[in-house]
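Dear colleague,

Please find below the structure that I am handing over to you, followed by a summary of what was found in it.

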Amino acid sequence: MNDLFLIGFMGSGKTSVSKRLGELLNREVVEMDRRIAQREGMGIPEIFAQKGEAYFRACETVLLEEFAQGGPRVVSCGGGVPMREENVAAMGRCGRVVLLTARPEVILDRVKDSDERPLLQGHKNVPYIAQLMEERRPKYEAAADLTVDTSDLSVEEVCREILRQTGIHGQKL
Ligand code: S3P
């Protein structure tokens, strides 16, 4: 019931922030993409290519439902997680949802050297990112209990803001 879910677009900072938040709060960190890749024995691009996106989305939902047990954790969600209503409901049952945002230019800069994101392969440009972000925005916002714009903040500053807004006290920052 006390899990913290970090949601947001690819490159919004979920992975780095969850790692640091986990240290500060002394909590287990679950990186959903990594957990799914471990289970499937292959990387995310291979899962998309060999089994399809629908299969990957089903893996995300199965994993989220497991969070009903245990915790409290910090969970770094894949960028597509809030698109499914059942996922949003599962997060709501297990804890609070933090939306990380960033400007499209900042996102591009953060993702430009990575080949791990099938949805951005061949689309690493600001107009594409801005359009997909805009399409997703209503669902991201509806799922979120609180929002932090990470564009101009360090990982440490984002963590401090999350702790401030949630009222959770971490170690000294
Ligand atoms: C996706 C985001 C990725 C990963 C997959 C699909 C998305 O995770 O789950 O490539 O639909 O936005 P990150 O947000 O951690 O990059």
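Is cysteine 94 buried or exposed? In this predicted model, cysteine 94 is buried, as its relative accessible area is 4%.

Cysteine 94 takes part in none, and its nearest cysteine sulfur, that of cysteine 77, lies 10 Å away. Cysteine 59 is likewise in no disulfide, with the sulfur of cysteine 77 the nearest at 15 Å. Cysteine 59 counts as buried, at 12% relative accessibility.

Turning to charged pairs, there are 16 salt bridges in the structure. In one of them, the side chains of aspartate 3 and arginine 73 meet at 2.5 Å, N to O. Aspartate 3 belongs to strand 1 and arginine 73 to strand 3, so this pair ties together parts 70 residues apart in sequence. Both residues are buried. Asp3 and Arg73 also belong to a network of salt bridges that includes Glu28 and Arg35.

The packing of helix 3 (residues 44-51) against helix 4 (residues 53-66) may also interest you. Their axes are 7 Å apart and form an angle of about 125°; the two helices are therefore oblique to each other. Ile44, Ile47, Phe48 and Lys51 of helix 3 meet Glu53, Tyr55, Phe56 and Arg57 of helix 4. This contact comprises five nonpolar, three charged and no polar residues. Arginine 57 counts as buried at 12% relative accessibility, whereas glutamate 53, at 34%, counts as partly exposed.

Yours sincerely

Key. Residues numbered from 1 in each chain as written. Predicted model: local features only at pLDDT ≥ 70, side-chain atom pairs only at ≥ 80, totals over all residues. Heavy atoms only, no water. Axes fitted to C-alpha atoms, helices over the stretch in contact; angles between N-to-C directions. Helix = DSSP H or I, 4+ residues; strand = E, 2+ residues; numbered from the N terminus. Parallel < 35°, antiparallel > 145°, perpendicular 65-115°, else oblique. Contact = heavy atoms within 4.5 Å. Nonpolar A, V, L, I, M, F, W, Y, C, P; charged D, E, K, R; others polar. Disulfide = S-S within 2.5 Å. Buried < 20%, exposed > 50% of the residue type's maximum accessible area, 1.4 Å probe, protein only. Salt bridge = Lys/Arg side-chain N within 4 Å of Asp/Glu carboxyl O.
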